[in-house]
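Let's look at a protein together and ask how we know what we say about it. Have the sequence and the 3D view ready.

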Amino acid sequence: MSEYRAGFACFVGRPNAGKSTLTNALVGQKIAITSNRPQTTRHVVRGVVHRPDSQLVLVDTPGLHRPRTLLGERLNDLVRETWSEVDVIGLCLPANEEIGRGDRFIAGEIGSLKATVIAVVTKIDLVDRARLARQLAQVGELGEFAEIVPVSAVSGEQVDVLTDVMARYLPESPQLYPDHMITDEPEHVLMAEMIRESALEGVREELPHSIAVLVEEVIPEERVTKVYADIYVERPSQKAIVIGAGGGRLKEVGSRARAQIEELLGARVYLDLHVRVAKDWQRDPKQLRKLGF
Ligand SMILES: Nc1nc2c(ncn2[C@@H]2O[C@H](COP(=O)(O)OP(=O)(O)OP(=O)(O)O)[C@@H](O)[C@H]2O)c(=O)[nH]1
């Protein structure tokens, strides 16, 4: 009989490589926040994949990038810290994009860690077989990998295989989390991410990294859970964008986020949003700490 295995894993790769989507596909529930814009994953969100003979704990990290602000530096520290704590790393390389300098940089960085590195060729639903074969060969030349696994988080093809392969490289260990547990991320962090995603919708070009959200208070009442949150922007002009003419946009932001939060909590939610200006919050250590970075 094979031993029970349990341990930590994370997906790394350049922005947009498909890390969050893959994490969600493995866990089978929407936990990390995905988007078609780079660098939206800020918080470490864990998902637990339960199998009869293993437990794979996924840690979702933001993409490593060249730091331009204090926030950028903090994010990179967070990424490195996470990498050094996991047993298995899945290096995500999109099947539909050439391998580039960014990929080589990340492959080099993780090559020296103790973790087993598996190359994961993502988004295979976007390419034909010939292109995939070429990509697999090129990935083989990128570095020393324990395995190379092609996968599509969107079609679901090979998702199970990837889970099996990753679980195989976990250490023998007793179960780390209770059976029902899927994420241990505090709910307020997930709520803040949902609000931030909603606030960014349609205005990413104007406000790429200028929005942060803090959930101030959550009050569960008999019929409704009240959630009070602040949306922080850096300038009054950005505040006007988020609020929109006559407050119309903020209303939409709120109702979109509320629907998601209701799903998360499984309860009716009253969502109270305030937009506040915190000048240059990305460069101010005190503000960053307050906002959870
Ligand atoms: N067709 C297809 N699209 C995918 C697949 N996986 C992810 N995507 C898309 O690729 C984009 C980026 O996916 P994410 O999962 O947010 O990528 P990420 O690596 O977490 O990105 P960052 O948060 O920027 O680091 C999104 O638009 C996804 O819908 C896949 O298997 N097939």
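**How do we know?**

The buried residues of α6 pack against β7 (212-220), β8 (225-233), α7 (236-243), α8 (248-265) and β9 (269-277). This is a predicted model, in which local features need pLDDT of at least 70, side-chain atom pairs count only at pLDDT 80 or more, and totals for chains, interfaces and linings use all residues. Residues are numbered from 1 along each chain as its sequence is written.

Q: What makes α6 a helix whose length agrees with its number of residues?
A: Helices here are DSSP runs of H or I with at least four residues, strands are runs of E with at least two, and both are numbered from the N terminus. The expected span of a helix is 1.5 Å times one less than its number of residues. For the 14 residues of α6 (187-200) that gives 20 Å, and the end C-alpha atoms are 20 Å apart, so the two agree.

Q: How do you know that α6 is mostly covered?
A: A residue is buried if 20 or more other C-beta atoms lie within 10 Å of its own, exposed if 12 or fewer, and partly exposed in between, with C-beta atoms placed from the backbone. In α6, 11 of the 14 residues are buried, including L190, M194 and L200. After α6 comes G202, with a positive phi near 85°.

Q: Why is β5 called largely enclosed?
A: Seven of its seven residues are buried, so the rest of the structure largely encloses β5. One side carries T116, I118, V120 and T122, the other V117, A119 and V121, and all of these are buried.

Q: What makes a group of residues a nonpolar core?
A: The name is for a set of buried Ala, Val, Leu, Ile, Met, Phe, Trp, Tyr and Cys residues joined through C-beta atoms within 7 Å. The largest such core has 39 residues, and A9, I89, L91 and V120 have the most contacts inside it. Its largest share, six residues, comes from β1. Apart from this core lies another, of 23 residues, among them L190 and I231.

Q: Why is β1 called largely enclosed?
A: Eight of its eight residues are buried, so the rest of the structure largely encloses β1. Four bridges join β1 to β4, in parallel, and V12 stands opposite L91 in β4.

Q: How do you know how confident the predictor is?
A: Look at pLDDT, its confidence in each residue, from 0 to 100. The chain's mean is 83, and 79% of its residues reach 70 or more, but residues 30-43 stay under 50. Where pLDDT is low, the predicted coordinates should not be read in detail.

Notes. Contact = placed C-beta atoms within 7 Å. Pairing = 2+ DSSP bridges.
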